[in-house]
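Dear colleague,

I am handing over a structure that you have not worked with before, and my notes on it follow below. Please read them with the model open beside you.

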Amino acid sequence: MSEFSSQWLALREPADHRSRNQALREQLNELLTRSRTADSLPLRIIDLGSGTGSNLRGLSPHLDCDQHWTLIDYDPKLIEAARLALSAWADTTESANHSCLHLRKGDKQIQVDFLCTDLSKNIELILEQPADLLTAAAFFDLVAEPWLERFCSALCTPLYTILTYDGSEQWMPTHPADEQALRAFHAHQATDKGFGLAAGPKAVDIMQRRLLEYGFQVSIAPSPWELDQRHDAALIHALATGSAQAVGETGLLDAATLASWKTARQEAQACMIGHWDLLATFGS
Ligand SMILES: C[S@@+](CC[C@H](N)C(=O)[O-])C[C@H]1O[C@@H](n2cnc3c(N)ncnc32)[C@H](O)[C@@H]1O
């Protein structure tokens with residue numbers, strides 16, 4: 001099981017929210033406005049690999065209606081952290097039971113159901129659930145190509161997925177070991193993250209091809225992290241530390257080079273980390 005700490009997810013949340021591609025989000029809004037027939041009912045959204053609920057906090061203010069989110073993650077600690085983070089974020093919170101919250105945020109009512117389950121095993125069952133929209137953030141680079149094939153063939157709901165890592169990185173200043181370290185990082189990205197050998201940076205390309213084959217209309221748009229020391233020092237430091245650990249686990253860099261690269265990256269002035277957002281819909 002690959003573990004993500006709630007501290008890391010909280011650290012990346014502001015960068016994740018500001019990096020989402022706004023034009024694609026507007027395209028999603030137009031789609032939802034056109035396709036919704038019963039405006040009085042809450043919009044039903046299922047979020048895959050929901051962590052502490054960042055995607056709900058990032059997207060729901062841009063949706064002009066009441067919402068019913070189902071947050072799915074296999075890590076019970078993150079589900080509990082999501083309950084706490086969403087309760088703190090909302091204007092008012094009522095807890096119906098341990099797996100359901102009723103939130104009010106601004107003029108919207110948001111019901112949140114939590115489901116703790118392993119998506120590597122039962123994605124087809126999840127995709128059978130009634131929903132208006134399926135979402136995910138920073139999730140699809142973890143999955144494997146055969147799982148993506150299963151996912152795309154069973155998908156029957158519009159899909160909006162954001163911040164899938166595309167493998168491109170630029171760091172300032174550069175370091176002589178950048179290229180070697182990035183190759184090692186990509187090798188680590190392609191190891192098994194619980195779904196088989198991970199698609200990593202190839203995930204968006206694979207999804208796009210498969211979804212087109214299954215008759216979806218697919219739009220993709222870039223959503224890079226653009227980080228600098230002044231605003232994002234803690235995130236740059238944590239990102240560099242995590243990347244260096246992954247690179248170290250591959251054994252592809254000698255210890256001295258790795259140590260020098262890690263220090264340079266932790267103190268980098270700025271960096272760009274490439275991601276893509278993707279919207280898949282039926283019809284025009
Ligand atoms: C990079 S985090 C992103 C979390 C959240 N979407 C966000 O944007 O902050 C990936 C998430 O996927 C979850 N995850 C990974 N493998 C999973 C699996 N097999 N089943 C369910 N959730 C999984 C992790 O627990 C983690 O919360």
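**Aromatic pairs and a helix contact**

Trp147 and Phe151 both belong to helix α6 (residues 145–154), where they sit 4 residues apart, about one turn of the helix. Please keep in mind that this is a predicted model. The rings of Trp147 and Phe151 form a stacked aromatic pair, with 5.4 Å from centre to centre and 15° between the planes, and both Trp147 and Phe151 are buried. These two residues also take part in one aromatic cluster, whose other members are Phe139, Phe140 and Phe195.

The count of aromatic pairs comes to 10. Among them is the pair of Trp8 and Trp225, which is edge-to-face because the ring centres lie 6.4 Å apart and the planes stand at 65°, over the 60 degrees that this class requires. Since Trp8 lies in helix α1 (residues 6–19) and Trp225 in strand β9 (residues 225–228), the pair ties together parts that are 217 residues apart in sequence. Trp225 has 2% relative accessibility and therefore counts as buried.

Turning to the helices, the axes of α7 (residues 178–189) and α9 (residues 229–250) come within 8 Å and cross at roughly 80°, which means that α7 is roughly perpendicular to α9. On the α7 side, Ala181, Ala184, Phe185 and His188 take part in the contact, and they meet Ser243, Ala246, Val247, Glu249 and Thr250 in α9. Sorted by class, this contact of α7 with α9 has 5 nonpolar, 3 polar and 1 charged residues.

With kind regards

Terms used. Residues are numbered from 1 along each chain as its sequence is written. This is a predicted model: local features need pLDDT of at least 70, side-chain atom pairs count only at pLDDT 80 or more; totals for chains, interfaces and linings use all residues. Side-chain values use heavy atoms; hydrogens and water are left out. Axes are lines fitted to C-alpha atoms, for helices over the stretch in contact, and angles run from 0 to 180 degrees between N-to-C directions. Helices (H or I, at least four residues) and strands (E, at least two) are DSSP runs, numbered from the N terminus. Angles under 35 degrees count as roughly parallel, over 145 as roughly antiparallel, 65 to 115 as roughly perpendicular and the rest as oblique. Contact means heavy atoms within 4.5 Å. Ala, Val, Leu, Ile, Met, Phe, Trp, Tyr, Cys and Pro count as nonpolar, Asp, Glu, Lys and Arg as charged, and the others, Gly among them, as polar. Rings of Phe, Tyr and Trp (its six-membered ring) pair if their centres lie within 6.5 Å; planes under 30 degrees apart count as stacked, over 60 as edge-to-face and the rest as tilted. Buried means under 20% relative accessible area, exposed over 50%, partly exposed in between (1.4 Å probe, protein chains only).
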